[in-house]
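Look at the chain and its ligand. Then try each question before reading on.

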Amino acid sequence: MRYFVSIGGASGSIYGIRLLQELTKRGHEVYLVVSEGAKKIMQHETTYTCTILNAQADVVYDNDDLCAGPASGSFPLDGMIVIPCSMKTLSAIAHGFGETLTSRAASCCMKEGRKLILVLRETPLDLPGITNMLAAKESGAVILPAMPAFYHKPERIEDLIDFIVGKVFDQLGLQHSLYKRWK
Ligand SMILES: Cc1cc2nc3c(=O)[nH]c(=O)nc-3n(C[C@H](O)[C@H](O)[C@H](O)COP(=O)(O)O)c2cc1C
């Protein structure tokens, strides 16, 4: 399967990194974009660098490259995940403002009826954020906030991260054992 993973500039770059690792480990093709904001946050929050991530992805794009394949609806993709997704990028996606490759590719996924998963991270939420979530949902996106549960009895931060990555896998219809299901 071919997935477009966009790592955005919200806190929680590690969610995107873990998703990239888990998809490529299973042999899926991953097209990757890391926003400029995400690059700074990743450097602050993790020990990963873009060089490490780029080596794992099949193709890497700049977020301002609107000539890249995923900027066209004709580019074949099985799904797109923005993880983590900032409220700014949510707003662009909700309003069809395709000024970045991420927001343009998201619009293409929605118009072509492809799976688009937005792993939002913000708290508390303001009214524009809430209404933008509704608009994106109404346009076909999956709103999957980075809100880990505790019923699987997490013992390490990795367990919380993998819960969210597992939820993304669930939405993509991919089998996994990233978190322990209820019962
Ligand atoms: C350390 C840091 C953490 C941030 N965390 C968040 C966040 O959790 N959620 C969010 O919506 N924006 C967050 N931001 C703001 C975004 O990075 C900013 O709005 C950026 O323009 C998002 O653009 P992008 O989605 O293209 O990466 C954070 C910024 C910094 C510097």
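Some questions and answers on the fold and the ligand follow.

This is a predicted model, in which local features need pLDDT of at least 70 and side-chain atom pairs count only at pLDDT 80 or more, while totals for chains, interfaces and linings use all residues. Residues are numbered from 1 along each chain as its sequence is written.

Q: How many helices and strands does the chain have?
A: Helices (H or I, at least four residues) and strands (E, at least two) are DSSP runs, numbered from the N terminus. The sequence order is β-α-β-α-α-β-β-α-α-β-α-β-α. The totals are seven helices and six strands.

Q: Why is the chain as compact as a globular protein of its length?
A: The radius of gyration is taken over C-alpha atoms, and the globule rule is 2.2 Å times the number of residues to the power 0.38. For 183 residues the rule gives 16 Å. The chain is as compact as a globular protein of that length because its radius of gyration is close to this, at 15 Å.

Q: What percentage of the residues count as buried?
A: A residue is buried if 20 or more other C-beta atoms, placed from the backbone, lie within 10 Å of its own. The chain has 183 residues. The buried share is 42%.

Q: Which helix gives the most to the shell around the ligand?
A: The ligand is surrounded by 15 residues (C-beta atom, placed from the backbone, within 6 Å). Both α2 (36-45) and α4 (87-94) supply at least two of the shell residues. The most, four residues, come from α2.

Methods
A residue is buried if 20 or more other C-beta atoms lie within 10 Å of its own, exposed if 12 or fewer, and partly exposed in between; C-beta atoms are placed from the backbone.
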